[in-house]
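Subject: Structure handover

Hello,

Here is the structure you are taking over. My notes come after it.

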Amino acid sequence: VGGGGAIACNNHVNVSLDNNCEAAFEWYTLLEGDYIPNVFEAEFTDDAGNIIQEEDIPLYVGTIINYSIIDMCNGNSCWGTMSIEDKSVPELDCDCPVGGEDFDNDGIVDGYSEECTRSCYELPLIKDKYWDRLRDEIISEDLGDFIDDHVTSICDDVTEDAISFYDVFEDLECGGSLLRRTWTVSYDKGNGHAGSVSCTEEYLFKSLDINEAELAIIDPSSGIINPVENRLVLPIDLVEMDCGSDISPESIAAFFDNPATVDKDTDNDRIDPDELDIDLVIENNEGIPYAYPHYYIKGRNPSGPHPQAIDNEICNILVAYTDTQIEACAPGCGGNQKVLRKWTILDWCAGEFISHEQIIKAVDKNGPTIGVSNVLVSVDPWRCSADVELPLPDHLYDDCLGEVNYWIGKVDGALTVSGNAEEGFVMHDVPQGITRVEYVAEDCCGNLTNTFIEVNVSDLTPPVPVTKEFIVVSLTNIGNPVDGPQGIAKVYARDVDNGSYDGCTGIDVSVRKTQVVCSPEDTVWGEYVKFCCEDLDGLKFVEIDVEFRVTDENGNNNYAWSTVRLEDKSSPTQECPADLILTCDMDYNDFTITGLPQSFGACGEILLECDINDLIEDTEPRRKGPNDGFFNDPRYDGVEVPAYDPSCGYGAVRRQFKSCSSCTQWFVIEPIDPFNPATIQFPEDVVVDCDAFETGEPTWENSVCTLIGVSLESDTFLFEDGACFKILNHWSVINWCVYDPVNPSAGGKYEHTQVVKIIDTQDPVVTAADSLYFDVDADCVSSAGQLTARANDEGQCGSKWIKWELTLDLNADWTADYLMSSAFPQLVNGDANPY
């Protein structure tokens, strides 16, 4: 391995595929120069760098790929590009040869095959470039389909971009029309040149043959007309329509048309369909087979086929018709007609014609319309039946405007009926209940219609009401302070009735008030009505009208009135305020707490005029006996309670309401939050400055309705140890609701002694000369020097006895040479101490 020289690749080479669509090339054509390596490797890639196997190169026909050559001996390499080309000529195989075909191979052209023959009425769709999908169904225009069916290439590489076609039309007059379609396929010849191949198809659009005409027939199982394509189709031979209908062909077509399918061909301007301004045919033309000779053709999507009317001329066909009137129904039956229509279809090319007859009937097949209302009548006053005049029809008419007659048919119970249609019918001796009666109507064509009504004979005579003219009633007092005013009275219907009756059945009586005062139920018919204080409205009496109703067993009602005089004759009741247990922090003279007496009548509370000042005067602390008051509390019911002591907040109080009622009210006042001696905090012993000091006072948790006192006795001692003087504060806290001076051992008095030491923290003030000068002798000694200073002690604890001390520093070297003080002994060994 090793050796060899450098290799060089052609920058670009063209590779043509052979007849097997395989890449045929010599490897040396990829290299240039004289050196070709003995052992080399070739690699092919697309523009994305994906490796292409050699056998897959034909798949890249029409594109450029990359290649590289590697010398396996020395590793040298080169690269270039390669165009993959198919220079073969595609082959075309067109159907429908020009001029027709020789079907029996006798050398003579026999005509056009069925696959190459179309109907003359399809040609305008091709010429006017009507919707492409429908054109493609008539004669294929799809480029892809043409490639698949008619183009052969060695690599199957012909694309739609290389396909085109054009059309040439030829009018053969009576022979129809020809369409020649030439298809062209372009291909690459190499060296930058293009080639093409073509083939031509020819289609015959033949004229209609009147001898092949078929009759439109309705499928009896589905009721749908089966379409017949590529033929002239004659209209249905028997057409039946409603009387009064227009029997022109266009009206017949509209009569049988389905309005749910609407043809959107509104402008009929046949503009280029690519602009979507041509009709969107979804109209199925369901009425055409009844009205015209016609043919079938498909519409958009493609849908259909749909029938198309021949109302004048199409291709080689002309049509016309004549009508002959025939008598329908009876003379004078308006709107009924029968027509024999004869169609003439002419082939103007062949000079031949055929005839087709239709019978068109617009006659009345439906019965007339009759409508009669039910009848409700009352029995005669003296028997349980009635003679009933049967009503004339509310509606009696026929759609076809002819004369309509009616009569009475079947009657329940075979009752007797007399009369006629002009004067009316009467049914005799009809019993109470419902009787069915048949009415029968007939039009001039003999069509019948019947209907039934119900004759209801009922007792419709109301009963007779009789009432008492005046009724007096008083309210009943059931008032109380909980439920409020409840004065009420009831008046029953039987109290108002004064002999009401009905001639046929029993009766039921009821009453009501006309306005809602006491209850909404009073305005509803019922057994009784209620009266209340709102009715009386503070007056001594009022008169109120009450409506009275009488109802018989058949539901007939009659009415009358009665007047009720309403009064309040009831006696009032007294409600005393309750005996109360209060706490000492509550004001028993606050009547919002303790309440006042109340008086209640039938219509609520009667206002009592109580003099508050008199009530307060009539309220006093008083001993409560065991039978006084009721508190619903075993602590005080049946128990004696002392009179109220306001100092300690406990005891009984009595209140009398002499100014407004006979009530007596008791209160038991209870203390709350009793005094707790454990909460007493005596001031602590303190050491204080004599200039300003506070020694404090005893404190405790406050309690309501308790009388607590405090007292202080102080003893002062001067010049105690550690203090200028000492004070002993003797504190006493007394609960006067417990303490009894006569019996001090019963408790209620709490004592403590506080020690207060008074000290002086203010220094005395010393006054001395700032600088002194003394003369010295020859020995530098001064014996005449004298040092003096003054001191003063100010403040609340100032003292006239002041001790002094003197330090003498000779030479000012911050070393004390002499110390003198008033604290030193006055004598030393019997001699005066110079210090």
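This is a predicted model: local features need pLDDT of at least 70, side-chain atom pairs count only at pLDDT 80 or more; totals for chains, interfaces and linings use all residues.

Disulfides

A search of the whole structure gives 11 disulfides. Three of them are described here.

Cys21 and Cys155 are joined with an S to S distance of 1.9 Å. The link is right-handed, with 120° about the S-S bond.

Cys96 is bonded to Cys116, S to S 1.8 Å. This link is left-handed, at -95° about the S-S bond. Both cysteines lie in the loop between β8 (91-92) and β9 (117-119), 20 residues apart. Cys96 and Cys116 are buried.

The sulfur atoms of Cys648 and Cys737 are 1.9 Å apart, and the two form a disulfide. With -105° about the S-S bond, this link is left-handed. Cys648 is in the loop between β42 (619-621) and β43 (651-656), while Cys737 is in the loop between β47 (725-735) and β48 (749-759); the pair is 89 residues apart. Cys648 has a relative accessibility of 18%, so it counts as buried, the cut-off being under 20%. Cys737 has a relative accessible area of 29% and is therefore partly exposed.

Other cysteines

Cys73 takes part in no disulfide: the nearest cysteine sulfur, that of Cys78, is 15 Å away. At 28% relative accessibility, Cys73 is partly exposed. Cys780 counts as exposed because its relative accessibility is 60% and the cut-off is over 50%.

Hairpin

Strands β28 (residues 417-420) and β29 (residues 424-431) run antiparallel and are joined by four bridges. Val417 has Met427 in β29 as its bridge partner. Three residues separate the two strands, which form a hairpin.

Largest pocket

The volume of the largest pocket is about 1,100 Å³. It is lined by 31 residues, of which Gln786, Leu787, Thr788, Leu806 and Leu808 are the closest to its centre. Strands β49 (765-768), β50 (789-792), β51 (805-808) and β52 (818-821) each supply at least two residues of the lining. What is the make-up of that lining in nonpolar, polar and charged residues? The lining has 19 nonpolar, seven polar and five charged residues.

Regards

Notes. Residues are numbered from 1 along each chain as its sequence is written. Side-chain values use heavy atoms; hydrogens and water are left out. On a 1 Å grid over the protein atoms alone, a cavity is a set of points where a 1.4 Å probe fits but cannot get out, and a pocket is an open set with protein on both sides within 12 Å along at least five of seven lines; lining residues have an atom within 4 Å of a point. Grid points are joined across faces, edges and corners, and a volume is the space filled by probe spheres set on the points. Ala, Val, Leu, Ile, Met, Phe, Trp, Tyr, Cys and Pro count as nonpolar, Asp, Glu, Lys and Arg as charged, and the others, Gly among them, as polar. Two strands pair if DSSP finds at least two bridges between them. A disulfide is a pair of cysteine sulfur atoms within 2.5 Å. Buried means under 20% relative accessible area, exposed over 50%, partly exposed in between (1.4 Å probe, protein chains only).
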